[in-house]
Amino acid sequence: KNQAKLHSKSTVNCRHKYIRPLYKWLCREGYLDVNHYDNHDRVRLEDDSWTYQALSRRDILKIISLADTHEQKVLWTIMAYTGLAPIDAGQLSKSDNLVSTDHFNCIITKRQKTRVLASVPICGDLLDLGDLIFDLNLTKKQRDDCNTAFVEKALEIGIQQRKGYKIAQYGLRHSFIQMCKPYLTDNEIALFVGHKNPKQAQSYLSPLMYEIHKKFVNLIEKEQQQ
């Protein structure tokens with residue numbers, strides 16, 4: 001119980017999943033006489049993870065325009081146009097890149113948390129940044145500082161936090177997915193942003209991914225014309 005208080009419930013549940021077979025193996029092989037994890041193993045906690053508040057595209061661009069530092073502007077722009085989480089957006093390198101087509105270059109990067117590939121075209125304001133998107137190498141403290149600034153800017157422009165939701169830069173990922181929903185299928189979005197799904201092994205150089213990228217580039221072009 002003391003250990004559970006220090007971590008989110010989803011983390012504790014994940015720990016149960018992997019520690020359960022470990023303790024059973026330790027007992028079976030004779031390394032332990034008693035399965036000390038047995039009582040913990042029987043408890044499954046309800047998930048208390050945050051739901052991040054999605055923002056309108058207009059508000060996102062306004063927040064980016066108010067960025068105080070180069071790191072803030074680049075990080076938020078990457079997230080707004082790729083749907084990557086802060087840890088992934090802040091660690092892009094040219095070794096992740098680049099697949100070229102007739103119309104655009106694509107970033108192919110492996111998400112650090114899930115180890116699932118994400119594939120996104122470089123377009124819109126992201127294209128204007130050029131190689132700057134590969135030079136961040138942000139530390140956790142720098143990402144946290146950017147998040148603090150993001151919340152401040154969001155409140156500054158009058159965004160109200162909805163009940164049960166949290167305003168944070170991670171919400172840019174949720175906002176990105178919401179923006180894509182009218183234009184892409186759920187499976188296309190999953191392939192796009194690097195969610196785990198049954199088709200995750202599919203090649204990111206396939207004709208399907210090319211069509212998904214074209215849809216997204218057309219979406220960004222329409223948005224910029226409005």
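Where is the place of Leu184? I found Leu184 in the loop between helix 9 (171-180) and helix 10 (186-193); helices here are DSSP runs (H or I, at least four residues), numbered from the N terminus.

Ground rules first: this is a predicted model, where local features need pLDDT of at least 70, side-chain atom pairs count only at pLDDT 80 or more, and totals for chains, interfaces and linings use all residues. Residues are numbered from 1 along each chain as its sequence is written, and side-chain values use heavy atoms, with hydrogens and water left out.

Back to Leu184: I have it as buried, because its relative accessibility is 6% (buried is under 20% relative accessible area, with a 1.4 Å probe and protein chains only). Leaving aside residues up to four places away in sequence, Leu184 touches Ile189, Phe192, Ile212 and Lys215 (contact is heavy atoms within 4.5 Å). I also checked C-alpha atoms: Leu184 and Ile212 are 28 residues apart along the chain, with 7.5 Å between them.

Next, helix 9 itself. Ser175 lies in helix 9 and is buried at 4% relative accessible area. Skipping residues up to four places away in sequence, I see Ser175 touching Gln53, Ala54, Leu55 and Ile60.

Last entry: which residues in helix 5 meet helix 9? I noted Trp76, Met79, Ala80, Tyr81 and Thr82 in helix 5, against Leu172, Arg173 and Phe176 in helix 9. By class, that contact has six nonpolar, one polar and one charged residues.

Key: Helix = DSSP H or I, 4+ residues; strand = E, 2+ residues; numbered from the N terminus. Buried < 20%, exposed > 50% of the residue type's maximum accessible area, 1.4 Å probe, protein only. Nonpolar A, V, L, I, M, F, W, Y, C, P; charged D, E, K, R; others polar.
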